[in-house]
Amino acid sequence: MTTNIISSSVIMSPRKRTLVPVSSRRKAADDCFPFNWLPVECQLHVLSFLNEVDKCSCALVCLSWSCLVRSWKLWRVADYSRRGVFHMGQEGLLVSNREFERWKAWVHHYTHHLVSRRASLLTLKASFDLGDRCNNWSELLGHLLDHVHCRDLSHLDLNWTFTLLEPLDLRVHSSSSSHQDSITKMDQVTSFQELLTKLTHSCPRISKMRLHFDWSDVSMSLLTNFQQLRVLELKYFWVFKGVTPSTLQHLTKSLPNLKSLTLQILVPLRNLGISYTLESQSLEFLDVSPSRGLVFSCLKLPALRELRAKKIVRGITLDRRTRLRIQSRWPCLYHVLREGTPRLQALNNERLLPTWREERYGEMSAILEQSCYCVQHLDSWLW
């Protein structure tokens, strides 16, 4: 028995470590880059390329790195969507109540972390249902803006219509009545306008904005206060909410520095036949391909270089009298572009020849079939 124990102990004995000469160890130490010898600004610049998790890991290395990571210069982005980026295309992912509570705790810890670091934000990305009075996402974002430096915030990506993660029991007791739905919509709009008001005072330098929009007079008045906007993307909020031509024209005329505009407008059937006018001296890129039923009667865009537009059918068949009455109101997109976009160079990702204005349709015929709602290019009356 003793022999077996001894033999097993011999077999299981750890392998001895190979001795390294002192000269080799000194040489390996000399090969290490003296990061701490760099100026502080250079060290912060190197650490700025790390994500939030890696920055927190660096803070555990040593005391000097911990002090570096606490600098507000390293916390320039507040991204609440990074843990749900894999399902950004879905309007809320149903998860277990336990998973939702864990995610909610992470959101609050992340907010506390940014506040304690006195972050100086340049970018804010979030997706929360601001009408949710139970979880108070609106108050959380308001608390963040009040306790961090956001005067230099330039990029806002905000979806205020749904939360990325939702607990499973959220829809069990929910009512499907239109009255409850309208109350929810109004709560969302009210909270959105309150947050937008705070942004106008705290973050006047926003140059890039991506959000859903309700097209109300109050929201329009608040949005036009961001005079530094250069890139704007507006998604639809409610399919039954129409956009008047005067409202759309007022938007582009009120933003003198706007260079890129993307619109997702779903024109209700009751407004079928209405055409719109856009006027801007600065706009260079216009994308209305996500829109449905959006027809332009006049474009005054002298700086426009690229346009994306797509004709989208709805699946509703119109009788001959109705379609003849409607088609008389629609001008051809080719004539609208020729008169109002003297610098246009690309249409629907297709490069245009410099002589496209002299050739009636010419190379644009195939493109116009997909973009224009007029009589000449309306190949189907299925709406």
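# Report on the predicted model

Gln227 is in contact (heavy atoms within 4.5 Å) with Ser254, Leu255, Pro256 and Asn257, its neighbours within four places in sequence being left aside. This residue is found in the loop between helix H9 (217–223) and strand E7 (231–236). Pro204 lies 23 residues away from Gln227 in sequence, and the two C-alpha atoms are 7.8 Å apart in space.

The model is predicted: local features need pLDDT of at least 70 and side-chain atom pairs count only at pLDDT 80 or more, while totals for chains, interfaces and linings use all residues. Numbering starts from 1 along each chain as its sequence is written, and side-chain values use heavy atoms, with hydrogens and water left out.

## Overall composition

The protein has 13 helices and 14 strands; these are DSSP runs numbered from the N terminus, helices being H or I with at least four residues and strands E with at least two. Of its 383 residues, 45% count as buried. Buried denotes under 20% relative accessible area, exposed over 50%, and partly exposed the range in between, with a 1.4 Å probe and protein chains only. Among contacts between residues at least 6 apart in sequence, 70% join residues at least 24 apart.

The largest nonpolar core contains 92 residues, of which Tyr80, Trp215, Leu232 and Leu286 touch the most other members. Its largest share, seven residues, comes from helix H6 (residues 97–116). A core of this kind is a set of buried Ala, Val, Leu, Ile, Met, Phe, Trp, Tyr and Cys residues joined through side-chain atoms within 4.5 Å.

The buried residues of H6 are Phe100, Trp103, Lys104, Trp106, Val107, Tyr110, Thr111, His113, Leu114 and Val115. The expected span of a helix is 1.5 Å times one less than its number of residues. For the 20 residues of H6 this should give 28 Å, and the end C-alpha atoms are 28 Å apart, which agrees.

Trp215 touches Met220, Leu234, Lys241, Val243, Thr247, Leu248, Leu251, Leu263 and Ile265, residues up to four places away in sequence not being counted. Leu248, one of these partners, lies in helix H10 (residues 245–253). Beyond four places in sequence, Leu248 is in contact with Trp215, Val243, Leu263, Ile265, Tyr276, Leu278 and Leu294.

## Positive phi angles and selected residues

Most residues other than glycine have a negative phi. Arg118, which follows H6, has a positive phi near 55°; its place is in the loop between H6 and strand E3 (123–127). Asn348 likewise is not a glycine and has a positive phi of about 55°. Asn348 is situated in the loop between strand E13 (346–347) and strand E14 (350–351).

Arg308 is found in strand E12 (residues 306–308). With neighbours within four places in sequence left aside, its contacts are Phe285, Leu286, Asp287, Val288, Ser289, Asn348 and Asn349. Arg308 and Ser371 are 63 residues apart in sequence and 8.5 Å apart in space, C-alpha to C-alpha.

The accessibility of the residues discussed is as follows.

| Residue | Relative accessible area | Class |
|---|---|---|
| Arg118 | 66% | exposed |
| Gln227 | 32% | partly exposed |
| Leu248 | 0% | buried |
| Arg308 | 28% | partly exposed |
| Asn348 | 18% | buried |

## Cavities

A cavity is a set of points, on a 1 Å grid over the protein atoms alone, where a 1.4 Å probe fits but cannot get out; lining residues have an atom within 4 Å of a point. Grid points are joined across faces, edges and corners, and a volume is the space filled by probe spheres set on the points. By this rule there are three cavities of 30 Å³ or more.

The largest cavity holds about 140 Å³ of space. Val288, Leu294, Val295, Phe296, Ala309, Lys310, Pro331, Cys332, Leu333, Ser371, Cys372 and Tyr373 line this cavity. The lining divides into 10 nonpolar residues, one polar and one charged. In this division Ala, Val, Leu, Ile, Met, Phe, Trp, Tyr, Cys and Pro count as nonpolar, Asp, Glu, Lys and Arg as charged, and the others, Gly among them, as polar.

The second largest cavity has a volume of about 70 Å³. Of the 12 residues that line the second largest cavity, Trp215, Tyr236, Trp238, Lys241 and Val243 are the closest to its centre. Its lining comprises nine nonpolar residues, one polar and two charged.

Notes
On a 1 Å grid over the protein atoms alone, a cavity is a set of points where a 1.4 Å probe fits but cannot get out, and a pocket is an open set with protein on both sides within 12 Å along at least five of seven lines; lining residues have an atom within 4 Å of a point.
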